Amino acid sequence: MDSRVTVINHPLIQHKLTIMRDINTGSKDFRELLEEISMLMCYEVTRSFQLEDVEIETPVCKTVAKTLTGKKVGIVPILRAGLGMVDGMLKLIPAAKVGHIGLYRDPETLKPVEYYCKLPSDINEREMIVTDPMLATGGSAADAIQLLKNKGAKNIKLMCLIAAPEGIKAVLEAHPDIEIYVAHVDEYLNDHGYIVPGLGDAGDRIFGTK
């Protein structure tokens with residue numbers, strides 16, 4: 001596996017992911033599981049955040065302890081499925097600002113089409129985390145990352161639930177400076193651009209649509 005790709009194979013994540021894959025899992029449970037996994041993954045995605053010393057006073061004495069350096073964080077879900085990952089991350093990083101990028105995949109060309117973009121004004125100062133449950137062809141993720149770069153973002157990570165090898169390859173070829181975090185790398189893409197074995201259309205399963 002490429003050193004720029006981190007597979008977070010914690011047992012709790014793998015267990016919850018199996019339930020999400022099951023066709024019999026309904027939208028309510030699917031949403032809750034996605035939020036829980038996103039929170040667990042966020043723990044690993046933020047591992048490289050820098051710390052500094054600060055003096056505090058405990059009920060016992062004064063001491064020097066560690067705190068985050070104050071580096072700002074931005075979370076950017078790719079609409080619409082990426083929204084399902086935001087709440088879990090905000091529980092760990094409540095001060096993060098949230099942007100939104102709207103992309104949909106053209107059913108004929110399988111290429112991403114942008115229809116919405118709203119981002120924090122200071123993304124050049126933030127650690128930006130792009131979220132999308134499924135990294136299939138990689139087109140949407142690569143385009144979202146390029147859009148962030150065009151707006152001035154300098155530190156970008158991509159966080160996905162499931163990835164196809166083809167999607168990972170496409171993103172890293174387009175953006176060799178990006179780190180990718182996934183819960184599982186699946187086998188391949190089928191002729192319709194769906195990840196196999198995957199879990200179906202994440203947006204439809206989150207929101208109960210077809």
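Strands β2 (residues 51-57) and β3 (residues 62-68) run antiparallel and are joined by 7 bridges. Two strands count as paired if DSSP finds at least two bridges between them. Strands (E, at least two residues) and helices (H or I, at least four residues) are DSSP runs, numbered from the N terminus. A hairpin of 4 residues links β2 to β3. Glu-52 sits opposite Thr-67 in β3. Of the 7 residues of β2, the number buried is 0, so this strand lies largely in the open. Buried means under 20% relative accessible area, exposed means over 50%, and partly exposed lies in between (1.4 Å probe, protein chains only).

The model is predicted: local features need pLDDT of at least 70, side-chain atom pairs count only at pLDDT 80 or more, and totals for chains, interfaces and linings use all residues. Residues are numbered from 1 along each chain as its sequence is written, and side-chain values use heavy atoms, with hydrogens and water left out.

Helix α5 (residues 165-174) has the buried residues Gly-167, Ile-168, Val-171 and Leu-172. These residues lie on the same side of α5, because they cover an arc of only 125 degrees around the axis. The arc is taken from the directions that lead from the helix axis to the C-beta atoms. An α-helix has 3.6 residues a turn, so residues three or four places apart point the same way. Exposed Lys-169 and Glu-173 are carried on the face of α5 turned away from its buried side. The cover over the buried residues of α5 includes β1 (5-7), β9, α4 (139-150), β10 (155-163) and β11 (179-185).

An unreviewed UniProt entry annotates a "binding site" that includes Arg-80, Arg-105, Asp-132, Pro-133 and Asp-201. Among these annotated residues, Arg-80, Arg-105, Asp-132 and Asp-201 belong to the lining of the largest pocket. A pocket is an open set of points on a 1 Å grid over the protein atoms alone, where a 1.4 Å probe fits, with protein on both sides within 12 Å along at least five of seven lines; lining residues have an atom within 4 Å of a point. UniProt positions follow the numbering used here, feature names are shortened, and annotations may be inferred rather than shown by experiment.

Arg-105 is in strand β6 (residues 100-105). Arg-105 counts as partly exposed because its relative accessibility is 30%. Beyond neighbours within four places in sequence, Arg-105 has contacts that include Ala-136, Thr-137 and His-192. Contact means heavy atoms within 4.5 Å. Asp-132 lies in the loop between β8 (126-131) and β9 (134-135). At 12% relative accessibility, Asp-132 counts as buried.
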